[in-house]
Amino acid sequence: MIIYESTKEQFVGDVVNELLVDRLYSSYQQKIGRTSKAEIRSWENSLQKMSNVMQDDEIPKDAAVAIEFNIPNTSKRVDFLIAGNDGAQDHVVIVELKQWDEVEKIQTRDGVVRTYIGKGMRELVHPSYQAWSYAALIEDFNENVQQQEIQLKPCAYLHNYRKTENDPLTDVHYAPHLEKAPVFAKGEIQKLREFIKKYIRLGDQDRIIYQIENGRIRPSKSLQDTLNNMLKGNEEFIMIDEQKVFYEEAFHLALNSVRTNTKQVMIVEGGPGTGKSVLAINLLVKLIDQELVAMYVTKNAAPRNIYSTKLKKDFKKSHIDNLFKGSGSFTEAELNEFDILIVDEAHRLNEKSGMFKNKGENQVKELIKGSHFTIFFIDEHQKVTLSDIGSTETIEKYAAEFGAEVITRKLVSQFRCDGSDGYISWLDDVLEIRDTANTNDMGMDYDFRIFDEPNAMLDEIEKLNKHNNKSRMMAGYCWEWPKPNRLDVDHFDITLPEHDFGISWNIENTWAIENTSVREAGCIHTAQGLEFDYVGVIIGDDLRMENGLLVTDFTRRAKTDQSLKGIKKLAKEDPEKAHALADPIIRNTYRTLMTRGQKGCFVYCTNPELQGYLKERLEMVTMYQRKREKDLYLVDEKREY
C-alpha cells in the first residue's frame, strides 16, 4: 500500500503550492482510515526537504515518487521512493528520512545508535541499517522485484543533523551498514542529488512503483537457499524422536491449509526441554523453502535474537532477522495476509501491543486472523507476568471465531534436564506448583546442587563454561536494573555484601551466546525460551520459607520489573486477589529459570530457611536413590542365588 504516488514534477508542485498535506491526509483516511492532520504535518518538514532535493533539472520530471510505502507482511513503511532508469536498468532509490539532530554511538551493539526522541534518549537502529533492511525485505519477498531484476538502492537523509569531525553517525563501527546504504546529513543536499542521479537518469517508463506495490509476496530463491545452507549440519536444530514426527505432521498440515485455502490452528503443548523451539525453526526453514510466507513469532526479543544468530552462524545475511517477529507486529494484519505464522512461547502473548499497551485488540486473535495456518507452541506453567494471556482456551476461542479447525498435540519427551521428566516433576513438587508423584525422585541422574556461597557457584559456572560456552548465571528479578548502567558490565546490579559478591545483569540480548557474558546474570525476560548445559540460579527474597511454609512476596521484586505491573495498587484494594495473581507468577519464574539447564542446575538462596528447605529435599532424593540402588542390588543378588 502506498499513501501518495505521483511524478517528481507533481510532487514538487504539491509541496510548493502547499497541497501535499491535504492530499496525504485524504489518501491516508481513504486507505487506512485513521490519522490526524497533526500527524501528517509532522512529516511536512522532511517532505519539504525532499522537495528541495528533487528540484534538480537532471532528475527527470517523469521519475516516479511514492510516500509511505507499506512493506507487505510487516508494519514497516518506507518513507520515500524515487523510481526510474539509469539507461540500462530499472532502479528504485529508497530514502529513510529522519528529523534527528543528535546521535550517540553504541560501541557494544551492531547497527544501533542512541538519539533523543519522544522526550528522552532512546536506542534505535542506525538509519543506514534501517534503510538497507527495508530494501532487503522487499527484495526477499516481492516476486516482481525478483523476476524483473528491479535494483533497490537504499540511503538515509538526516536533514536536521550536521556532521562533525569524528562523527558518531559515520563512525567506522557502522561501516558495514554505511557501505550498503549511505547516510546524508544537513548541508549534503548535493551529495544526495548525485546519489539519486546515479540511478535515476530516465523516468519511470515501466511503472516500477506499480510493479512493487502489486508484486506477489513470495520468498526469493536466494533466501530459500541461504536458509537451507544455514540449517545444514547445524546441530542446534537437529530433530530427534517425536520432534521429527510432530514436525512432519505440522509441515503437511500447513501445506494443505494454504493449498486448500482452509484456516487451521495447531496447538503444541510441551514443557521445558521438549524441543518446541527446535521444531519451530525447522518448520520456518522448510516452509520458506516451499515458497510460502512464514514468520517465527515470539514476544521476547532475546529468543528471536539468539535463534536468528544461531541460524546465521558465519553468514552476514542480516535480513534473516526479518523472519523473526515480535508478537505485537500484527495489529494491522489483514485476513490471511501470511501463509504460516509459527508462534513460540505462546503463553507469553499479551492482549494489547505497543510500548504503552494501546495497540490492537488481542495478540492471539491477530495472529490467527493474519494467517492461513497458525501454530502455537505453549507451556502454560511458564507464564511469568500478569500480562501473559496465552492459553489453549484463548487460542481455541479465537480459532472458533474465525472458523478455524483446531489440532492439538502434546510433546512429552524431555531433551533438557538430562532427559528427565522426573526432575521437572520433582521441581514442581518442591516449588508447590502442582502435586506430583516425584516427592523424592528426580528420575534420571541430574546435577542439582545447593551452594552456600554465591562466588563458589559463579566459579563453577565459569569453569564449566570453558568447555563449550553453554553455562550461565541467572537470578530472580529482585535487584534493580537502572538504565544509566545497563551497558556497564563493571557495574554490579546484583550485590550480596555479606559474601562480597557482585554481578551485572546481562548487557546484550545475545548474552546467552556471547563468549564474554559468563559473568553476567540473565533474568526471566532474557532467559525464557533458551537452554544451556548448566545454569546457576540466585533465588531472591521474593521466594522464601516462613514458619515451615514456602511463601512468595511480590514486594521484594525490583521496581524496574514489569512482570507484576499494577500489583501494588491492586494489593491496596484487594490483598488476597493480588497475592493469588502474583504467587504463581513468582513460582513459575523460578521454575522456568531452574529448567534452563540441560545437564545441571545450581542454586543459591538469599533466604537461609529456603536454602535449608532445598537441602532437605535434596537429601531426601539422595536417600531415596540409595535405597533404590540397594533394593536393586538385593534383587540382583536374589536372582543370582
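In the predicted model, Gln224, Leu227, Asn228 and Leu231 of helix H9 meet Ile281, Asn282, Val285, Ile288 and Asp289 of helix H11, where contact means heavy atoms within 4.5 Å. Helices (H or I, at least four residues) and strands (E, at least two) are DSSP runs numbered from the N terminus. By class, this contact of H9 with H11 comprises 5 nonpolar, 3 polar and 1 charged residues; Ala, Val, Leu, Ile, Met, Phe, Trp, Tyr, Cys and Pro count as nonpolar, Asp, Glu, Lys and Arg as charged, and the others, Gly among them, as polar. The axes of H9 (residues 221-231) and H11 (residues 276-289) come within 9 Å and cross at roughly 145°. Axes are lines fitted to C-alpha atoms, for helices over the stretch in contact, and angles run from 0 to 180 degrees between N-to-C directions.

An open sheet of mixed pairing is formed by 7 strands in the order E16-E24-E21-E17-E20-E19-E18; two strands pair if DSSP finds at least two bridges between them. Strands E16 (447-450) and E18 (494-496) stand at the edges with a single partner strand each, so one side of each lacks a neighbour in the sheet. The twist averages 30° from one strand to the next. E16 pairs with E24 (residues 597-605) in the parallel sense over 4 bridges, and arginine 449 has phenylalanine 602 in E24 as its bridge partner. Helix H19 (residues 575-593) packs on the sheet, touching E17 (471-475) and E21 (532-539).

Residues are numbered from 1 along each chain as its sequence is written, and side-chain values use heavy atoms, with hydrogens and water left out. For this predicted model, local features need pLDDT of at least 70 and side-chain atom pairs count only at pLDDT 80 or more, whereas totals for chains, interfaces and linings use all residues.
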